[in-house]
Amino acid sequence: MIEELAKNLVNLKQEFTKLYVGTSHIQEVIPIHKSEMFPIDENHLQLLHHFAKNNPIYYNFYEQKILDIPCIVYEGDINKYWLNSIQYGSSHAPFSPTWIMSAYVNVLLAKDFGFLEIIDIGSGDGRIAYCAKILNLESFSIEIDEMLVNLQKPLSNILNFHPYCSDAVQFDYSLLNLQKPAFFIGGLAQMGGIELATGVLEKISLILKNVGWVFAGTYSLKYNSDPKNNAGWGTFMDKYNLKHIQSILLPTVWAFHESDETPYIFTQTNE
């Protein structure tokens with residue numbers, strides 16, 4: 001069911017790219033109602049829309065039918081947040097979000113694998129952690145940029161996903177009392193993700209063993225390939241003995257104009 005939902009979202013995005021005539025910096029869509037293609041709880045969909053409509057990165061929205069699915073298109077601009085997010089010396093990846101619907105599908109898959117908490121590392125506006133709360137998982141967002149954390153705080157009043165303004169490599173994760181968490185790492189391997197994942201994983205390995213790691217990858221020729229593949233994460237996974245569970249393709253802001261979607265790599269510590 002989750003794999004089919006992901007495929008339908010990709011098809012929706014690909015059709016949307018053909019129809020879209022706007023000029024906004026970022027754009028994405030969310031279905032308005034539950035349907036055969038998107039059999040999502042109506043309340044969950046409303047919460048996803050609530051996140052977008054209360055998020056200052058979006059300045060416009062309108063209804064549009066795509067593949068006969070009534071949707072709302074959200075248009076926004078992340079330039080000031082992108083620029084602000086790269087000013088920190090220890091910042092490993094600039095802010096560029098996945099789609100809200102992609103965040104939901106990602107967390108749905110993590111929950112299906114039995115993870116109990118979601119830790120959104122380099123969380124941006126907190127959409128992954130927010131989706132985790134929709135799906136009744138405990139969640140925490142760790143973001144180094146104060147502007148982005150201040151953006152998250154009003155959104156966390158809707159569903160408390162515990163935003164922390166901190167360098168994720170320095171954060172004390174023992175304070176969270178985690179049992180079986182999945183860590184989502186913000187940033188492609190080639191765009192600072194490796195450095196961020198290394199610092200967090202080496203810290204977590206001292207206190208937890210049963211841990212999931214989810215990485216955003218890419219097959220784009222714009223980036224150097226990894227000799228062990230896995231969308232740029234193969235060498236890292238091999239080095240830290242991470243077991244590959246599943247990969248799933250989903251739309252993201254940075255791949256909107258590309259034919260290939262973004263692969264998310266689900267792994268687990270291989271004890």
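**Figure 1. Helix α2 passes helix α5 in a right-handed crossing.** In this predicted model, the axes of α2 (residues 42-53) and α5 come within 10 Å and cross at roughly 155°. Since angles over 145 degrees count as roughly antiparallel, the two helices α2 and α5 are therefore described as roughly antiparallel to each other. On the α2 side the meeting residues are H44, L47, L48, H50 and F51, and their counterparts in α5 are R127, Y130, C131 and I134. Sorted by class, the contact of α2 with α5 comprises six nonpolar, two polar and one charged residues.

**Figure 2. Helix α4 packs against helix α5 at an angle of about 55°.** The view takes in α4, which spans residues 100-112, and α5, which spans residues 127-134, with the axes of the two helices 8 Å apart. That angle makes α4 oblique to α5, and α4 passes α5 in a right-handed crossing. From α4 the contact draws on I100, A103, Y104 and V107, while α5 contributes R127, I128, C131, A132 and I134. The residues of this contact of α4 with α5 divide into eight nonpolar and one charged, with no polar residue.

**Figure 3. Seven strands make up an open sheet with mixed pairing.** The order of the strands across the sheet is β6-β5-β4-β7-β8-β10-β9. At the edges stand β6 (163-165) and β9 (242-250), each of which has a single partner strand, so one side of each is left without a neighbour in the sheet. From one strand to the next, the twist averages 20°. Within this sheet, β4 (residues 117-121) and β7 (residues 181-185) run parallel and are joined by five bridges, and I121 stands opposite I185 in β7.

**Figure 4. Helices α4 and α5 on the seven-stranded sheet.** Helix α4 lies across β4, β7, β9 and β10 (262-269), and its direction runs at about 150° to β9. Helix α5 also packs on the sheet, where it touches β4, β5 (138-143) and β7, and the direction of α5 makes about 170° with that of β5.

**Figure 5. Three strands form an open sheet with antiparallel pairing.** The strands follow the order β1-β3-β2. The pairing of β2 with β3 (residues 69-76) is antiparallel and extends over eight bridges; E63 has I72 in β3 as its bridge partner.

**Figure 6. Helices α1 and α4 lie across strands of the three-stranded sheet.** Helix α1 (residues 2-19) lies across β1, β2 and β3, running at about 105° to β2. Helix α4 lies across β1 and β2, where it runs at about 55° to β1.

Key
Residues numbered from 1 in each chain as written. Predicted model: local features only at pLDDT ≥ 70, side-chain atom pairs only at ≥ 80, totals over all residues. Heavy atoms only, no water. Axes fitted to C-alpha atoms, helices over the stretch in contact; angles between N-to-C directions. Helix = DSSP H or I, 4+ residues; strand = E, 2+ residues; numbered from the N terminus. Parallel < 35°, antiparallel > 145°, perpendicular 65-115°, else oblique. Left-handed = near helix turned anticlockwise from the far one by under 90°. Contact = heavy atoms within 4.5 Å. Nonpolar A, V, L, I, M, F, W, Y, C, P; charged D, E, K, R; others polar. Pairing = 2+ DSSP bridges.
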